[in-house]
Amino acid sequence: MTINIQFFGAAGEVTGSCHMVTVGRQRLLLDCGLIQGGRADEARNQEPFPFEPSSIDAVVLSHAHIDHSGRLPLLVKRGFRGPVYTHRASRDLCRVMLRDAGFLNEKDVEWENRKRERKGLERIEALFTVEDAKLALGHFKGLVYRKKYEILPGVTLRLSDAGHILGSSIMELWLENGGKSRKLVFSGDLGRFDMPVLEDPETIRQADHVVMESTYGDRLHRSWDDSIAEFHGVLNHATNGRGNILIPAFAVGRTQEILYLMAKNYEAWGLDRWLIFLDSPMAIEATEIFTQNVDLFDAEAAEMWHENSKEPLLPNLQISRTPEQSMAINQIRKGAIIIAGSGMCTGGRIRHHLKHNIWRRECHLVITGFQARGTTGRAIVDGTRHIRLWREEVRVAAEVHTIGGLSAHADQATLKDWYTSFKGRPPVTLVHGEERAIKALSDRLHREVSAPVHTAQPGELLELA
Ligand code: ZN
């Protein structure tokens, strides 16, 4: 009999989550994410999968983030024909996110091919297109939390709320083969307690083996309350000025948290003095998906969002769908709060708003999310005096504020607590973290709760039976 798991992605790194579970003759993939980072890292997405895509019987997807879902269109393009099981909210979010990723791929390749043609080089193919994304989405089967599904012979699945983004799931897998059975729990990405909008991550009591993420395994976050107070401070300070506030935000998650926090504190923060713009087609679509899934929110957010479901969450919120509506914002010199993507200022409408505002001393830029190395957002946070927007050098004169602590990932203490809620300290394999984070978390689990902890190596196969 065979029951094992093999780690192909997010082993010793953060992105490209992908693990394969084998139960007898059945093969199940946990996530199929995109590798993100520098050019060399991203080039690895084009390489052949370390397994034959047509030999995979089913995929279970933990959540919609692209580093977990982003190679599913490629998997289908290369021969996978089975179902993709995921929470129904993750399926809906993937509809937005995978299509958007396909669109960006097409645009990138078009640009690259024009250059290549001029050099007399052969044309290259997009990793996947919008059409490939649509084909892959046809394989998605939406599930709900806390219900058991027999997804393959000998494989039963139950999803629980991971509290990380809408629809994010912890997977419990009951695996049976040749009279043996094992229960595997995969954390997916775990969220934090008391996050705005989402429920807390659920704890699981029983497992024979745990596979756990460790993104922030070496860090302790600031409390939500401190971060929210900081955000209020920035808004208060900016009220006295004569400029606009720009908030670059990730379309899924951070945007909705910010809208919710502003709605909740509308009067206390004096937000009626501002015009608030949501200027990102993808964030608008994602917000609509949030509104359709109010039942997944925590009680406080559900009550508010529900009350407002007939009208916008904020009375002075303007939704900018079309490019014309977006361009009209450029005329406004003061009193606007503009939420736009992309979250790291590498593309999207935020770049237009930067062009019109960042050189003005009276404006404010509020950074609310992680800024990766090499991005425009990171350069601004690091204090650069000029940024390049299209072919133009633009001065950075606006006040830049960084609100830390708004992460959607569990920190070291929460990861430890989540693991400790399992009965009998089952063996745990750490994935989805950089070396330092994994080492720190591993040491703490070892030292404080004597956990049998192990770090996944790329390609490593672990027998579970
Ligand atoms: Zn994630």
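Predicted model: local features only at pLDDT ≥ 70, side-chain atom pairs only at ≥ 80, totals over all residues.
Which residues line the largest cavity?

**View 1. Lining of the largest cavity.** The residues around this cavity are H164, I165, L166, M195, V197, L198, G253, E257 and F290. Six of them are nonpolar, two polar and one charged. Because domain 1 (3-219 + 408-463) and domain 2 (224-406) both contribute lining residues, the largest cavity lies between them.

**View 2. Lining of the second largest cavity.** Y145, D161, G163, I165, L166, G167, L198 and L296 form its lining. By class, five residues are nonpolar, two are polar and one is charged.

**View 3. Donors of the zinc ion.** The protein atoms that coordinate zinc are NE2 of H63, ND1 of H65, NE2 of H164 and OD of D189, at 2.2 to 2.4 Å from the ion. Angles among the four donor atoms run from 89 to 171°, and the site is irregular. Along the chain the donors are spaced as H-x1-H-x98-H-x24-D.

**View 4. H63 and D189 in their loops.** H63 sits in the loop between strand 4 (58-60) and helix 2 (66-69), and D189 in the loop between strand 10 (180-186) and strand 11 (209-213), so the pair ties together parts that are 126 residues apart in sequence. H63 is buried, at 0% relative accessible area. D189 is also buried, with a value of 2%.

Methods:
Residues numbered from 1 in each chain as written. Heavy atoms only, no water. Donors = N, O, S within 2.8 Å, 3.2 Å for Na, K, Ca; no water. Tetrahedral: all angles 85-135°; square planar, octahedral: opposite > 155°, others 65-115°. Helix = DSSP H or I, 4+ residues; strand = E, 2+ residues; numbered from the N terminus. Buried < 20%, exposed > 50% of the residue type's maximum accessible area, 1.4 Å probe, protein only. 1 Å grid on protein atoms, 1.4 Å probe; cavity = no way out; pocket = protein on both sides within 12 Å on 5 of 7 lines; lining within 4 Å. Nonpolar A, V, L, I, M, F, W, Y, C, P; charged D, E, K, R; others polar. Domains from an automatic or database assignment.
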